[in-house]
Amino acid sequence: MKLDHDSVLKELERITSKAAEVQDNILRGILERNKDTEYLSKYMNGSKDVLEFKRAVPIIIYKDIYPYIQRIANGEDSSLITGHSITEILCRSVSVSV
């Protein structure tokens, strides 16, 4: 089978032409689900605005969020960091149910 490079390139351009819009829509959904978490409330005060998120919420690494994860592992509600229920946390290959 011979590839038509022009067709492949056009298809790639078509499906990626709105990448920023798609990413913003995904982020909007994440913010909607998680707007009431303790972590996001610290920066966003319940806002779901993508530009506010980009301005206010810092880029973090694992050690920055670790205290929240530890609190959840110790029995606090998962709403500290997510709008979804966390029912299990894996720590160093050991399963810890919460």
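This is a predicted model: local features need pLDDT of at least 70, side-chain atom pairs count only at pLDDT 80 or more; totals for chains, interfaces and linings use all residues.
The largest pocket holds about 250 Å³ of space. Its lining comprises 14 residues. Those nearest the centre of the pocket are Ile-30, Tyr-39, Leu-40, Phe-53 and Val-57. By class, the lining has 12 nonpolar residues, two polar residues and no charged residues. Helix 2 spans residues 19-34 and helix 3 spans residues 38-44. Each of these two helices supplies at least two lining residues. The largest share comes from helix 2, with four residues.

Helix 5 covers residues 62-73. Within helix 5, Ile-65, Tyr-68 and Ile-72 are buried. These three residues lie on the same side of helix 5, because the arc they cover around the axis is only 55 degrees. Just after helix 5, Gly-75 adopts a positive phi of about 115 degrees.

Aromatic contacts were examined next. The count comes to three aromatic pairs. In one of them, the ring centres of Tyr-39 and Tyr-43 are 5.3 Å apart and the ring planes stand at 65 degrees. The pair is therefore edge-to-face, since the angle is over the 60 degrees required for that class. Both residues belong to helix 3, where a spacing of four residues separates Tyr-39 and Tyr-43 by about one helical turn. Their accessibilities place them in separate classes. Tyr-39 has 9% relative accessibility and so counts as buried, whereas Tyr-43 has 25% and counts as partly exposed.

A further pair joins Tyr-62 and Tyr-66. Here the ring centres are 5.8 Å apart and the planes meet at 55 degrees, so the pair is tilted. Tyr-62 and Tyr-66 are also four residues apart, in helix 5, and about one helical turn separates them. Tyr-62 is exposed, at a relative accessible area of 52%. Tyr-66 is partly exposed, at 38%.

Ring pairs also link Tyr-39, Tyr-43 and Tyr-68 into a cluster. Tyr-39 is among the residues nearest the centre of the largest pocket, and Tyr-68 is one of the buried residues of helix 5.

Notes: Residues are numbered from 1 along each chain as its sequence is written. Side-chain values use heavy atoms; hydrogens and water are left out. On a 1 Å grid over the protein atoms alone, a cavity is a set of points where a 1.4 Å probe fits but cannot get out, and a pocket is an open set with protein on both sides within 12 Å along at least five of seven lines; lining residues have an atom within 4 Å of a point. Grid points are joined across faces, edges and corners, and a volume is the space filled by probe spheres set on the points. Ala, Val, Leu, Ile, Met, Phe, Trp, Tyr, Cys and Pro count as nonpolar, Asp, Glu, Lys and Arg as charged, and the others, Gly among them, as polar. Buried means under 20% relative accessible area, exposed over 50%, partly exposed in between (1.4 Å probe, protein chains only). The arc is that of the directions from the helix axis to the C-beta atoms. Rings of Phe, Tyr and Trp (its six-membered ring) pair if their centres lie within 6.5 Å; planes under 30 degrees apart count as stacked, over 60 as edge-to-face and the rest as tilted.
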